[in-house]
Each structure stands twice: as C-alpha cells, then as structure tokens.
Amino acid sequence: MATNVKRKKKAEVMPDDGNMTLTGHLKELRNRLIVCAVVFVAAVVVTLAYADRLIDLLTAMGQGFYTFVSIAPQEKLMQYFRVSLLAAVVVTVPVALYQVYAFAKPGLKKSETFFLKLVILLGLALFVVGVMFAYKLMMPFMLRFLSTGIEGADYIQTTTSIESYVSLCLTMFIIFGCVFEMPLVTIILSKMGIANPEILKKARGVAIVLIFFIAAVVTPPDIVSQCMVAIPMVLLYFVSIFLSGIFYKPRSEDGDDEEDAEEEDED
C-alpha cells in the first residue's frame with residue numbers, strides 16, 4: 001500500500017509524458033525557497049559571531065583619520081546586527097542564484113543553459129570586483145580626503161558615529177557592486193538585440209552627463225564622492241560599448257522563423 005501511495009504522489013508531480021505538472025513546479029519552488037531560507041538563517045547566526053571582526057574590517061579604512069563614537073545606547077549593537085545581516089545576504093545570494101539556475105535548467109536549450117551560467121558567474125564576479133575596488137582603492141582615498149584634504153579649521157576634530165560610518169561604507173559597496181554590473185547588463189541587452197553598439201557610441205555624451213547626475217543622487221553631497229563613482233561608471237560605459245560590438249545580435253524576424261522551423265523539424 002505504501003508503494004501505491006508513493007506511485008500516486010510521483011504521478012501527481014510527473015505525468016506520463018515526462019513533463020512536470022504545476023503542482024510539481026510549485027513543490028520544487030517551495031523546496032528551493034526553503035533551502036535559501038535555511039542558508040540565510042544559518043549565515044546570520046554564523047556571521048553574528050564574527051560581527052566584531054567585520055566591523056574591524058570596515059573601520060580599518062578610516063583608522064588614523066576618524067575617531068569612532070557611539071552616540072546612542074543601542075547604536076553599536078544595531079550595527080553588529082546590520083553588518084551580520086548584510087553578510088548573510090552575501091552568502092545566500094550565490095545559493096539563491098544556483099537554485100534559480102537548477103529550477104530553470106530543465107526548460108532551457110543547451111545554448112541558453114550556457115548563457116545563464118555565464119550570466120550568473122559573471123554577475124557574481126563583477127559584483128565582487130566592484131566591492132573590492134571600493135574597499136581597496138576608492139574608500140580609503142575618499143575617507144582620507146574628506147578628513148585631511150581640506151585646509152583650515154584645524155581645531156575641528158574628525159569624529160564620526162559608527163552608524164554614519166557603516167552606512168557610508170555599505171552604501172558605497174552596494175553602489176560600486178551594482179555599477180560594475182554594467183558590462184553584464186550590456187551583454188544581456190546586446191544578445192537580445194536591444195543594445196546597439198552604434199547607438200551607444202552616439203549617445204556617449206548624453207550618457208556621461210546622465211552618469212554624473214546619477215552619481216550626484218546616490219552619493220553623499222560632496223564632489224569627491226560623486227567623481228569617485230562617476231569616473232568608474234564612465235570607464236565601464238566605454239567597456240560596455242566594446243562588449244556590445246562583440247555580443248550584439250540584431251533581431252530578425254526571418255531568423256526567428258527559421259529557428260522556429262528548425263525546432264518544429266526536430267520535434
């Protein structure tokens with residue numbers, strides 16, 4: 001009887017033609033979301049134990065230039081939780097992307113599977129490069145300039161709350177991580193036939209102005225922070241133009257019809 005029950009459950013998930021039913025897809029999606037949730041909770045617990053070391057890594061960039069203070073009773077503790085939650089998200093994102101890939105893989109062609117792998121791996125790599133670029137180069141220079149680069153008023157002590165400092169660091173990490181995804185977005189749009197390299201070249205003047213406007217909106221209100229974000233974005237825009245010329249695939253109705261005819265012949 002137990003065998004019959006197992007066969008019945010299997011039939012609900014996988015019918016005779018080999019295609020998974022809606023119930024099966026929902027169950028698989030639920031299981032994959034549970035995996036992501038478990039990983040996130042476990043990562044929060046682990047990273048919370050090392051939150052003090054994570055705070056040390058952040059404050060190391062500003063030591064010697066700033067004196068860090070906690071101006072509210074709960075401020076220091078809340079930053080520990082804040083950093084540990086963000087670290088848990090960083091740990092969970094690769095697992096979540098793999099779950100997305102595994103969920104979508106059965107319905108993709110071989111070429112689409114390869115492209116999805118490329119997008120996921122390149123996206124993770126570019127985000128990490130952006131964060132490391134901010135941590136190693138941009139943030140130390142920015143913090144040094146903001147504390148000692150302005151002459152006069154030597155009697156003013158450069159003291160900052162730990163909440164303001166952590167907020168600035170995390171904001172800049174996220175901004176630079178997202179900015180470095182520009183080549184990947186260009187590759188995807190070029191493969192879809194949307195991002196034309198010729199149009200990108202002609203629009204580079206408008207794009208540069210728009211980049212500096214975006215940098216002014218997302219960064220703290222000082223010219224140094226704005227330039228630190230805008231200059232890498234401009235360089236990445238020119239890299240994106242080059243990549244668009246490589247991956248650009250014009251949309252052709254005839255080509256689509258031919259592909260559909262080939263798929264029908266294979267079926």
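Helix axes here are lines fitted to C-alpha atoms over the stretch in contact, and angles run from 0 to 180 degrees between N-to-C directions. This is a predicted model, in which local features need pLDDT of at least 70, side-chain atom pairs count only at pLDDT 80 or more, and totals for chains, interfaces and linings use all residues. Residues are numbered from 1 along each chain as its sequence is written, and side-chain values use heavy atoms, with hydrogens and water left out.

**Overall make-up**

- The protein has eleven helices and two strands, taken as DSSP runs (H or I of at least four residues for helices, E of at least two for strands) and numbered from the N terminus.
- Starting at the N terminus, the order of elements is α-α-α-β-α-α-β-α-α-α-α-α-α.
- Buried residues make up 31% of the 267 residues; buried means under 20% relative accessible area, exposed over 50%, and partly exposed in between (1.4 Å probe, protein chains only).

- Helix α5 (residues 110-148) has 39 residues and reaches 56 Å from first to last C-alpha, close to the 57 Å expected; the expected span is 1.5 Å times one less than the number of residues.
- A kink of about 40° in α5 is centred on Ala 134, the bend at a residue being the angle between axes fitted to the seven residues ending there and the seven starting there.
- The 30 residues of α4 should span 44 Å, and its end C-alpha atoms, 42 Å apart, agree with this.
- At Thr 92, α4 bends by about 30°, and Pro 94 follows within four residues. Thr 92 is also among the buried residues of α4, which include Glu 75, Val 83 and Tyr 101.

**Helix packing**

- The axes of α5 and α6 lie 8 Å apart at an angle of about 135°. That makes α5 oblique to α6; angles under 35 degrees count as roughly parallel, over 145 as roughly antiparallel, 65 to 115 as roughly perpendicular, and the rest as oblique.
- The crossing of α5 and α6 is right-handed, meaning the near helix is turned clockwise from the far one by less than a right angle, whereas anticlockwise is left-handed.
- Helix α4 (residues 75-104) and helix α6 (residues 162-179) have axes that come within 9 Å and cross at roughly 15°, and are therefore roughly parallel. Their crossing is left-handed.

**Salt bridge**

- The count is one salt bridge, defined as a side-chain nitrogen of Lys or Arg within 4 Å of a carboxyl oxygen of Asp or Glu.
- Glu 28 and Arg 32 form a salt bridge at 3.0 Å, N to O.
- Both residues, Glu 28 and Arg 32, are buried, and they sit four residues apart in helix α2 (residues 22-49), about one turn.
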